[in-house]
Structure formats: C-alpha cells, structure tokens
Amino acid sequence: MTRLFTTCLLALLTMLAQAAEPSAVMVGSKRFTESYVLGEIVRQTLQQAGVAAEHKPGLGNTGILEQALASGAVDVYPEYTGTIVRELLKRRDAGEGNPSLEQLNTWLAPRGLKAVVPLGFNNTYALAVRESVAERLALKTLSDLSRLPPGALKAGLSHEFQQRADGWPALRKAYGLALTPGAALDHGLAYAALEAGQVDLIDVYSTDAQLGRRAVRVLVDDRSFFPRYDAVLLMRAAVDATPLQGLAGRLDEATMIRLNAQVEIDGLTFAEVARRFLAAPAGPASLSAAAASAGAPPVPDTGRTGFAARLFAPDLGRLLLQHLGLVFGSVALAVAVGVPLGVWAWRRPRWAGGLLGAVGVLQTVPSLALLAFLIALLGVIGFVPALLALFVYALLPIVRNTHAGLAGVPAGLSLAGLALGLTSRQVLSEVQLPLAAPTLLAGVKTAAVINVGTATVAAFVGAGGLGERIVAGLAVNDRELMLAGALPAALLAVAVQWAFDAWERRWLRRAAG
C-alpha cells in the first residue's frame, strides 16, 4: 500500500506542477462540436507559428470559461459577439445587441479581455421543429408558436439556452409564448431525439451540421430577437493575437457547416478537421470551391475509424495517467484527513453522529454543482477543483469505516495494552488500528472505486481524464467515442478493486504469520 500511495503522490505532484506552471498558451473550447473544431484550429495555428499551445476542450458553458479567463487557466477561446454582450457583459438594451468590435473591446477592457480575429461567420441561435410537425401546425415563424397552448409541443432545449439572458426566458417573454421548456437536453443529443419523436422543439445553432441532413424546419426570428453571434476569439489582453490574425475572415457559414459535418457525420476527429482546413488555400470559399471543382460535395478520404483504433488512440496513456492522478490523489488526501476524523469520532461518541452526518451530507451534493462551487471559490478550473471535489466524495467511506473498525475492536485488548504500560497513542497505533485495518481498507477501496467513475466529470472543467472522450462523444452524439472513454473507466474500476483485494489478502497473510 505504501508503494501504491507513493506512486500516486508522485503523479499528483507532477499534475499540480503542470497546473501551477503553464508553459504554453492555453486554448479553451465549449462543449459542442463547433467550439471543439475552432479550438483545434486555434491550437494548430499557434503551433504552426512556433507558439507552444495546448487545447482544453469541452469546458462546460460560458460561465466556466469566463472564470477560466479571469484566473488565467485559459488564455483564449472561440466565442460569439452576442454571447459576450448578453452573458459576459450583461448588457440588455436592444441598441447594444450588435456593437462594433471596437465598442466591444472598449467594454471588455476593464476586465482585462479583448475580442479579436473575427472569423467571418454568424452562428445565431434559432428554434427548430420536425418538418412533419411544422406542416401539421403551420409553423413558419417564432410568432406562430405564440398561438399554441401549453403542452402543444414537447420542448427539448439545452441547459445553457434555458438559462441564458438571450435564451428561453427572454425569448418567451418577447414572443408571448405559453409553451414550457421541459427537461433540459444536451445539444449533442437533440437532433436524434427530435428525429425519434421524443421531443418536438429544440434550440439549434445556424451552422449546425445536422440542419442540412435532417427533416427539420428552422423557425424564422420574425421579431429579430436574437442578436448577431459573429465568431471571434476572446482572449486575455496580454495575449499576442498576431499569430492568429491569418484566421480573420477565413470561415463563412457554409464552410463552418461543412467542418461540423466532417466531425458529426463523416466521423473525422476534431484535430484532423482542423488540420485539413488549415492545409487548404486561405479564403472563406476555398473548401466550397474545391468541392465544386470535383463536381460533388467533398468526401473524406478516411471515414470513421474503428472502435479498436479509438479505444487505443495515442491519447489513452495521457488520459489514464490524468485519471489515476485524480483518483489516487483524492483518495490519498481523503485518507490523510478521513482516518484522523474517524479516530476522533470514535473517541467522542457524543459527536460521532453529527460528524458522520455532516460527511454524509457532503456525499449527496451533485458533482457538477460541487465543481461549480469550487471553481467560484478558488477562481481556477482544471486539476485542483476536480481533485478537491473527488476528495470530498472519498471522505464518507473512509471516515465511516475507520469509526466502525475501531468500534469493533474488543475493549479487553485495549485494556490489556494499557496494562502492559503502553500509552493511549501506542495502543491506537499498535493494537487498535491494526485490528481495525481490514474494515478501514474496505472503506479506502470503496472510495477509490467510486472515484474512478466520478472522476469522469472532471473533463467538464478541463481536468482531463477518460471523461474527455465521453464529453466529446456527447457533443457529437458519437456512441463509439463515448464507449471508448466509458469502457476504460469501467475496466479501471475493476482493476482498482482487484489491486486492493490482492493487497488485502497479502496483508492478512503477513499479519497472520
């Protein structure tokens, strides 16, 4: 066990050092296809210019990335002008919805941020319904929805759209809609749910790859509620934007739809799509022109890779190391804190119930809510808040089992130790804890196995791990990619269980001898 924790501690210290001393420009992206692709384009552009850069993909929503920029955990990420105005700057006046880039940067300057490199396309929000539903209810515009009674359509709106200042609450008020939003649905799953008839109404982006491939109707925003969402690069003011200026104007709506489709439909990786785009001649119509010259839409020369290739992709080792660092780092911290807490609770029966109850309450806090709280508290994203969240979840089984193991030690053995002249501390270390060790170890094992699964949510805050594949798979509704992350996580949980079982058997044999 000592050797195991030493290995985990070294991994933990390595990751903490990497988190504390970033040596590259950190590129962030949100949790949907287009943001992944643009993040990869930015990373590869910087690297081609000789600038060290890393990509932290799938960092949840706008709020998390805002915190990441403020703390310096992320230096640049692709964003949209409408989101900057409404969500980051909280400007609500209709006249401020579509400012110039100069005006936008005047507003951003006090925050130490700047919006640069307009990429060349507008990716606005819209609402879409199945074509059959649109025909049956004669729906063409958003105003047409106002005549529908509550429950006429089952909505499947994304989590962020339901909360945004420029999302559902304001849209519902502007159009006088009686419809209810229903349970939130991840954007990556929305089109499949719409096609299957599980929902009738979804929010979409105007550059979604699926719009041209599915039988959906985008409702016209006839009251011009949505502002423009021109794609730009939002970055910290100290970042040099010069290496990225070549991207200005290179992407129009048609090109962006095509790049999204190469990921979601043709099955290419985000990195491969970015590489092909940057290798093409500069200009927003270059890919369209290439397709036209061939007389047909471009067909990728490589299709979706097989599951085995995805499972054993080159990033597997890195993701496993990150995952193990999170799991065993958090468990090591929980042992360091939880065992003394368990001993304290055992020695003070009057307080034991309150302490165990408080630790149990911490276990019930939803993981994403706890991560969001820690990000707000610490002002950083990435490894540290994820490690602390997992530490909280590992406490309960360790504290409870330490208390239970000590409570199960016969009082006579403790008294015998005292009678032989041992101090209370010596009795604890030489008699009570060794006898309680099997129960205590069972708690550590339980905490480690649980955290293997829970650690997958760390990908939402840029902490890496096998959850990166799961989050990316959700973004593009790619079951194989999700499974390529879920299967190693499941096997890792089994391996951790076996490792602890083997160590426990070895320890018991040594204790018996």
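Val-129 stands opposite Arg-217 in strand S7, and I begin with this pair in a predicted model, where local features need pLDDT of at least 70, side-chain atom pairs count only at pLDDT 80 or more, and totals for chains, interfaces and linings use all residues. Residues are numbered from 1 along each chain as its sequence is written, and side-chain values use heavy atoms, with hydrogens and water left out.

Strand S5 (residues 125-130) and strand S7 (residues 216-218) pair in the antiparallel sense over three bridges. Helices here are DSSP runs of H or I with at least four residues, strands are runs of E with at least two, and both are numbered from the N terminus; two strands pair if DSSP finds at least two bridges between them. S5 also pairs with strand S6 (residues 201-205), again in the antiparallel sense, over five bridges. There, Ala-128 has Ile-202 as its bridge partner. Six of the six residues of S5 are buried, so the strand is largely enclosed by the rest of the structure. Buried means under 20% relative accessible area, exposed over 50%, and partly exposed in between, with a 1.4 Å probe and protein chains only.

Arg-217 returns in a network of salt bridges with Glu-131 and Glu-135. A salt bridge is a side-chain nitrogen of Lys or Arg within 4 Å of a carboxyl oxygen of Asp or Glu, and the count by this rule comes to 17. Which residue forms a salt bridge with Glu-195? The partner is Arg-214, with the closest N and O atoms 2.5 Å apart. This pair links distant parts of the chain, Glu-195 being in helix H9 (residues 187-195) and Arg-214 in the loop between S6 and S7, 19 residues apart. Glu-195 counts as exposed, at 55% relative accessibility.

Asp-501 and Lys-445 also meet through their side chains in a salt bridge, at 2.7 Å from N to O. Asp-501 lies in helix H21 (residues 479-512) and Lys-445 in helix H19 (residues 424-454), so the pair ties together parts that are 56 residues apart in sequence. Both Asp-501 and Lys-445 are buried. Arg-164 forms a salt bridge with Glu-160, the closest N and O atoms being 3.2 Å apart; Arg-164 is buried, with a relative accessible area of 3%.

I turn now to the parallel strands. Strand S1 (residues 25-28) runs parallel to strand S2 (residues 53-56), and four bridges join them. Val-27 stands opposite His-55 of S2. With helix H2 (residues 33-48), S1 and S2 make a right-handed β-α-β unit; right-handed means that, with the strands pointing away from the viewer, the path from the first strand over the helix to the second runs clockwise.

Next, helix H20 (residues 467-476). This helix is mostly covered, with eight of its ten residues buried, among them Arg-469 and Val-471. Asn-477 follows H20 and has a positive phi, near 55°.

Finally, the chain as a whole. The protein chain has 21 helices and eight strands, and 51% of its 513 residues count as buried. With contact meaning heavy atoms within 4.5 Å, residues 24 or more positions apart account for 78% of the contacts with a separation of 6 or more.
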